[in-house]
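Please keep the structure open while reading.

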Amino acid sequence: MLEQFKKGLHKTREAFKGRLDNLFKGKEITPDFYEELEEVLISADVGVATSLKLIDQLREQIQEQKIKEGDAAREKLKTLLVELLQEGGGSELHFPEMPPCVYLILGVNGVGKTTTIAKMAYYYTQKNKKVLLAAGDTFRAAAIDQLSQWSIATGVDLIKHHPGGDPSAVIYDAVNAAVARKSDLLLCDTAGRLHTKSNLLDEIKKMNRTIGKVLPGAPHETLLVLDATTGHNGIAQARLFHEAIPLTGIVLTKLDGTARGGIVIAVKDMTGIPVKLVGTGEKKEDLQPFDPHAFAEALLS
Ligand code: GDP
């Protein structure tokens, strides 16, 4: 787990390792320490508000516990990071006692939504779960094609309609199929045209209601896929979607493609929505459950 996070955070670690070592390793805490730490956190995309909050907490603990060495301060910072990432709910994905489990997957075009669905299908198939996909983005023929290709590559079934059809009708059929076929997990794709369009959000709300009507209690997770390389733009996307439909988790993709992996911390702190999965590459196996301890360790050690 730690090794995978280190790999996913490769660019971030490269960018900050020297600066972090300079700050912490074998050093005494000087008055400049907090200012330098603030610069490092902000340049890793942790965000000003979140960085200042973390530094205030760290300063308080350092003073209270009379910590003098940088190495001990680094350990304190790790603990604070883990606390922040775990606040208000865990990172674990929810599975109901009785299958099928239904996840609704949201996100604007290009963030890596289709790839994430394919990776999730692969991940759960490896765990002997029977997975079904629903091609809920009926607006782009290419989206249905792309999901069809992934379904063949991962060996899972796909419920699809013709392009231009009603997305909720696909979802209706897919949930019924998941029940009839005794699937363990149904992953529902959705359209991702401009998130500012209120009709897109209305459609998503309708899909959400449809799922709940066919299977009370579902969807069991409503996950928003965000691209880590777009930085704080993702936070605005999360707020918009969250207002329309309560999100239960975030999947942060392309963590491998950014040197500013601190965005994970900002996303959690600014939205209150837990990060549950991270994408660390383009291959089907490049997805992993988010582990706050491994993340903090990989980022700061
Ligand atoms: P969608 O429009 O949101 O469905 O996006 P796609 O799934 O088509 O992905 C857009 C691009 O991002 C593709 O080139 C993917 O290979 C790439 N991509 C998705 N996830 C990751 C990731 O975790 N890391 C990297 N490096 N690329 C990714």
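Arg 140 counts as partly exposed, at 31% relative accessibility. (Buried means under 20% relative accessible area, exposed over 50%, and partly exposed in between, with a 1.4 Å probe and protein chains only.) Its salt-bridge partner is Asp 137, with N and O 3.2 Å apart. Asp 137 is buried, with a relative accessible area of 2%.

This is a predicted model, in which local features need pLDDT of at least 70 and side-chain atom pairs count only at pLDDT 80 or more, while totals for chains, interfaces and linings use all residues. Residues are numbered from 1 along each chain as its sequence is written, and side-chain values use heavy atoms, with hydrogens and water left out.

**Salt bridges**

The structure holds 18 salt bridges. The term covers a side-chain nitrogen of Lys or Arg within 4 Å of a carboxyl oxygen of Asp or Glu. Three of them are tabulated here.

| Pair | N to O distance |
|---|---|
| Lys 78 and Glu 75 | 2.9 Å |
| Arg 140 and Asp 137 | 3.2 Å |
| Asp 166 and Lys 206 | 3.3 Å |

Lys 78 and Glu 75 sit in helix α5 (residues 70–86). They are 3 residues apart, about one turn of the helix. Helices (H or I, at least four residues) and strands (E, at least two) are DSSP runs, numbered from the N terminus. Lys 78 is buried at 7% relative accessibility, whereas Glu 75 is partly exposed at 42%.

Asp 166 lies in the loop between β3 (157–159) and α8 (167–180), and Lys 206 in helix α9 (residues 198–214), so the pair ties together parts that are 40 residues apart in sequence. Asp 166 is partly exposed, with a relative accessible area of 35%. Lys 206 is also partly exposed, at 37%.

Lys 7, Lys 283 and Asp 286 are linked in a network of salt bridges.

**Pockets**

Rolling a probe the size of a water molecule over the atoms shows where empty space is left. The search runs on a 1 Å grid over the protein atoms alone: a cavity is a set of points where a 1.4 Å probe fits but cannot get out, a pocket is an open set with protein on both sides within 12 Å along at least five of seven lines, and lining residues have an atom within 4 Å of a point. Grid points are joined across faces, edges and corners, and a volume is the space filled by probe spheres set on the points.

The largest pocket holds about 220 Å³. It has 14 lining residues, with Ser 91, Glu 92, Leu 93, Pro 289 and Phe 290 nearest its centre. Helix α6 (113–126) and strand β7 (275–279) each give two or more residues to this lining. By class, the lining has 8 nonpolar, 3 polar and 3 charged residues. Ala, Val, Leu, Ile, Met, Phe, Trp, Tyr, Cys and Pro count as nonpolar, Asp, Glu, Lys and Arg as charged, and the others, Gly among them, as polar.

The second largest pocket holds about 170 Å³. Thr 115, Lys 119, Lys 254, Gly 281 and Glu 282 are closest to its centre, out of 13 lining residues. Helix α6 gives the most to this lining, with 3 residues. Here the classes are 1 nonpolar, 8 polar and 4 charged.

**Cavities**

There are 3 cavities of 30 Å³ or more. Helices α2 (10–24), α3 (33–43) and α12 (292–300) each give two or more residues. α2 gives the most, with 3. The lining has 8 nonpolar and 2 polar residues, and no charged ones.

The second largest cavity has a volume of about 40 Å³. Its lining is Thr 12, Arg 13, Phe 16, Lys 17, Leu 20, Leu 299 and Ser 301. Again α2 gives the largest share, 5 residues. The classes are 3 nonpolar, 2 polar and 2 charged.

**Cysteines**

How many disulfides does the structure have? The search finds 0. A disulfide is a pair of cysteine sulfur atoms within 2.5 Å. The cysteine sulfur closest to that of Cys 101 is in Cys 188, 10 Å away, too far for a bond. Cys 101 is buried, with a relative accessible area of 1%. Cys 188 is buried too, at 0%.
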